[in-house]
Amino acid sequence: MQRIKVLSQISKLIQFATSLSEYLDPRLFSRLRHLQKLDLSDNLLDKFPNSLTLPDLRVLNCNNNKLEDVTALKQFPLLEELTYENNVYLTVMFSQVLLCFSALVFCSILLNKLSLSYTAEQVKSIKKKFLKSVQTNVVYGPSSLSEFTRWRVGYVPLTLLLFRQGLCVSPSAQTSGDLKGFSHFSADVSAEPLHFLQCHSKGNSREDFKTQLWSCVFEPLLDCGARKGETVATCGGESVCLIDCETGTVLKKYKVATEEFFSVAWTTLTMVIGDSRKKCHNILAAAGRRGIVKLIHVAADFCYGEIKAHKKPIATLCFSPTRETHLFTASYDKRIALWDIGIPDSDYNFKASQLLLLEALSIPLRIALVPTCPDQYLLAGCESGCFAWNIKLDKEQKSRPFEVLFQFPDEDGGMTTSHRVDGVAFLNNDVVVSKSSKLGCIYLWSWSRSFDTKGKGCQRTVGAVILAELEWSTTDLSYLTLSTCPAKEYVFCGDEKGSVWMYNLSNYTTRQYHCSFPTQSLVNITAIWKKS
């Protein structure tokens with residue numbers, strides 16, 4: 001009876017604790033070395049101690065708590081059953097947990113039947129490929145149960161075989177029945193978080209998860225020589241940051257107290273530095289809520305000028321790939337302006353001039369120049385559709401309406417122009433990737449087959465020639481960034497749950513890869529990934 005009374009008191013202490021280690025010494029608790037079942041449900045636990053030595057623990061119930069991190073579960077090597085429901089700060093991936101362990105059971109069964117046909121080296125290679133595949137494709141993070149799953153996979157014995165010759169099938173192939181999905185896709189793209197930086201919070205506060213991170217652009221390499229590592233510019237809230245991706249160091253931070261930056265863009269200018277000598281320097285343009293473009297000489301750590309481009313906020317910026325001083329600004333005033341920002345002299349004097357003003361029917365959200373003719377056509381995703389303009393400067397008309405409005409499939413199987421297009425980029429010289437949050441999908445379509453030059457000069461509506469439709473998040477949340485890597489023909493797009501959807505589209509396939517990190521990383525935390 002005395003033992004029952006003691007256990008009752010311990011239960012009561014845990015019930016009102018905010019941390020297990022706050023009222024209960026882990027060293028005392030760890031004396032229960034043969035404990036196999038532990039029920040910690042319906043408490044106020046917000047973290048799990050890392051020093052509980054319970055080597056025989058097999059069943060753990062953590063329902064109805066306030067836990068935020070499950071990585072401490074690595075200390076229980078024999079854990080078989082885990083329940084973690086109603087912990088609001090956790091991303092619970094039970095389907096993946098079950099799928100993963102089902103696969104492991106399947107492997108154990110196959111081992112007895114098939115392993116004898118392989119040499120020791122083949123078995124070792126198969127095991128390595130299988131573990132890498134599972135660990136790569138299980139969504140994980142400090143707030144996800146599948147982080148624990150990922151760790152357990154690496155230590156479960158007999159995980160040598162999934163399919164003959166170590167082949168793994170992609171998720172899309174499993175659902176679509178496309179046998180071409182069999183591939184070593186984990187070798188194509190494998191990334192893990194290298195750094196997490198919360199560098200756009202107000203007053204550098206860790207508690208600020210409201211400041212939005214809007215744009216992230218890599219700095220171009222100068223001809224004078226490559227730098228060690230890569231640097232990237234990010235913007236959000238009142239600041240613009242320059243970050244070394246290799247070390248995770250914030251190299252420079254530029255602040256404007258009354259501003260909220262929405263977009264950044266790079267260009268390389270050949271500047272006069274003295275004695276009539278010229279040198280290439282990377283210039284960063286940043287703009288946002290005030291409608292003013294800030295021009296920052298990064299090497300000199302100096303904002304040398306500003307352009308009062310619009311009376312309303314600027315949603316996005318884009319430099320011409322062929323003309324280093326030509327900058328496009330897309331604004332909430334439903335206009336896109338083309339500026340010549342000029343080249344500053346040795347005293348940083350410069351002269352900017354407006355070259356074009358493109359009229360849109362709604363707010364332009366994303367803009368992209370057509371790769372085959374960047375001096376002639378510009379494409380924009382807007383609040384009420386996707387538009388194209390003729391931007392050739394030999395035309396006398398300085399203010400121009402759109403030339404083409406593109407139609408996309410609607411939910412009823414028809415075509416419509418009314419959907420918000422909040423993502424647009426080119427995958428290669430011809431293929432456009434566009435996103436509509438309302439439809440929850442990403443389209444691949446052909447620029448050359450959609451854009452008819454016969455009706456040149458007049459406003460018209462044409463149907464986009466769809467090449468493929470990519471499965472994406474079901475969210476209706478807008479403005480989640482879509483980007484492409486034309487060299488590899490990859491598409492990247494985030495979602496509201498903190499995941500990055502990665503597509504390998506070299507053959508217009510829809511094989512997709514999931515990587516995940518905590519949800520706030522899509523708010524004000526910059527995640528730097530390492531390719532492995």
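## Exercises on aromatic ring pairs

In this predicted model, the count of aromatic pairs comes to 14.

**Exercise 1.** Determine which kind of pair Trp-214 and Phe-262 form, and which parts of the chain the pair ties together.

*Solution.* A pair of aromatic rings is described by the distance of the centres and the angle of the planes. For Trp-214 and Phe-262 the centres are 5.5 Å apart and the planes stand at 75°. Planes over 60 degrees apart count as edge-to-face, so the pair of Trp-214 and Phe-262 is edge-to-face. Next, locate the two residues. Trp-214 belongs to the loop between strand E6 (191–197) and strand E7 (215–218), whereas Phe-262 belongs to strand E11 (residues 261–274); the pair therefore ties together parts 48 residues apart in sequence.

**Exercise 2.** Classify Trp-214 and Phe-262 as buried, partly exposed or exposed.

*Solution.* Buried means under 20% relative accessible area, and exposed means over 50%. Trp-214 has 25% relative accessibility, so this residue counts as partly exposed. Phe-262 has 11%, so this residue counts as buried.

**Exercise 3.** Describe the pair of Phe-387 and Trp-389 and the accessibility of Phe-387 and Trp-389.

*Solution.* The ring centres of Phe-387 and Trp-389 are 6.0 Å apart, with 35° between the planes, and the pair is tilted. Phe-387, at 1% relative accessibility, counts as buried. Trp-389, at 0%, counts as buried too.

**Exercise 4.** Identify the cluster that contains Phe-451 and the residue that lies over the face of Phe-451.

*Solution.* Ring pairs link Phe-451 with Tyr-377, Phe-406, Phe-408, Tyr-443, Trp-445 and Trp-447 into a cluster. Over the face of Phe-451 lies Arg-460, at 5.4 Å from the ring centre.

Key. Residues numbered from 1 in each chain as written. Predicted model: local features only at pLDDT ≥ 70, side-chain atom pairs only at ≥ 80, totals over all residues. Heavy atoms only, no water. Phe/Tyr/Trp six-rings, centres within 6.5 Å; stacked < 30°, edge-to-face > 60°. Helix = DSSP H or I, 4+ residues; strand = E, 2+ residues; numbered from the N terminus. Buried < 20%, exposed > 50% of the residue type's maximum accessible area, 1.4 Å probe, protein only. Lys NZ or Arg CZ within 6 Å of the ring centre and 35° of its normal.
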